[in-house]
Amino acid sequence: LQCSPNEFSHELRLAAAVQWYSQGRISQEWAAKIAGMDRTEFLLALARMGKDSFQVDFEDLDRELARG
C-alpha cells in the first residue's frame with residue numbers, strides 16, 4: 001500500500017471491522033465504531049467491498065419459519 005500512515009490506519013481498522021463483522025463476532029454498530037464510521041458509512045463500505053450487509057444464520061431462520 002502506498003498511502004499515508006493515517007490512511008493505512010483507517011484501512012486497517014476498516015479491514016478488521018469487516019472481518020469481525022463477517023464472522024459474526026461484532027455488531028454493525030461496533031464494526032462502524034471500530035472503522036471510525038457511522039453505520040450508514042460502514043454499510044456503504046461493505047457494499048463497495050462486495051460483502052454482505054446482514055448476517056443471516058439460515059438454521060435460525062428455518063427454526064423461526066417453522067414456528068410460524
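User: How many of the 68 residues of the protein chain count as buried?

Analyst: Buried means under 20% relative accessible area, exposed means over 50%, and partly exposed lies in between, with a 1.4 Å probe and protein chains only. In this structure, 18% of the 68 residues of the protein chain count as buried. This is a predicted model, in which local features need pLDDT of at least 70, side-chain atom pairs count only at pLDDT 80 or more, and totals for chains, interfaces and linings use all residues. Residues are numbered from 1 along each chain as its sequence is written, and side-chain values use heavy atoms, with hydrogens and water left out.

User: What does the secondary structure of the protein chain come to?

Analyst: Helices (H or I, at least four residues) and strands (E, at least two) are DSSP runs, numbered from the N terminus. Here there are four helices and zero strands, and the order from the N terminus is α-α-α-α. The radius of gyration of the protein chain is 15 Å, well over the 11 Å that the globule rule gives for 68 residues, so the chain is more spread out than a compact globule. That radius is taken over C-alpha atoms, and the globule rule is 2.2 Å times the number of residues to the power 0.38. The C-alpha trace spans about 55 × 20 × 20 Å along its principal axes.

User: Which aromatic rings form a pair, and how is the pair described?

Analyst: A pair of aromatic rings is described by the distance of the centres and the angle of the planes. Rings of Phe, Tyr and Trp (its six-membered ring) pair if their centres lie within 6.5 Å; planes under 30 degrees apart count as stacked, over 60 as edge-to-face and the rest as tilted. The structure holds one aromatic pair. Its members are Y21 and F42, edge-to-face, at 5.8 Å centre to centre and with 85° between the planes. Y21 lies in helix α1 (residues 5–22) and F42 in helix α3 (residues 39–49), so the pair ties together parts that are 21 residues apart in sequence.

User: Are Y21 and F42 buried or exposed?

Analyst: Both Y21 and F42 are buried. Another buried residue is A31, with a relative accessible area of 0%, and A31 is found in helix α2.

User: How many salt bridges does the structure hold?

Analyst: Side chains of opposite charge can pair when their charged atoms come close. A salt bridge is a side-chain nitrogen of Lys or Arg within 4 Å of a carboxyl oxygen of Asp or Glu. The structure holds two. In one, K33 meets E29 at 3.5 Å, N to O. In the other, the closest N and O atoms of R67 and E64 are 2.9 Å apart.

User: Where do K33 and E29, and R67 and E64, lie?

Analyst: An α-helix has 3.6 residues a turn, so residues three or four places apart point the same way. K33 and E29 both lie in helix α2 (residues 28–35), four residues apart, about one turn of the helix. R67 and E64 both lie in helix α4, three residues apart, again about one turn. E29 is partly exposed at 42% relative accessibility, and E64 is partly exposed at 44%. R67 is exposed, with a relative accessible area of 63%.

User: Which residue lies over the face of W30?

Analyst: A charge sits over a ring if NZ of Lys or CZ of Arg is within 6 Å of the ring centre and within 35 degrees of the ring normal. K33 lies over the face of W30, at 4.9 Å from the ring centre.

User: How many of the 10 residues of helix α4 are buried?

Analyst: The number is zero for helix α4 (residues 58–67), so the helix lies largely in the open. Just after α4, G68 takes a positive phi of about 90°.

User: Which residues make the nonpolar surface patch?

Analyst: Patches are made of residues with over 30% relative accessible area and no salt bridge: like charges are joined within 9 Å, nonpolar side chains (Val, Leu, Ile, Met, Phe, Trp, Tyr) within 5 Å. Accessible areas come from the Shrake-Rupley method with a 1.4 Å probe; for residues, only the protein chains shown count as cover. Here F54, V56, F58, L61 and L65 make a nonpolar patch of about 560 Å². F54 is in the loop between α3 and α4 and is exposed, with a relative accessible area of 60%.
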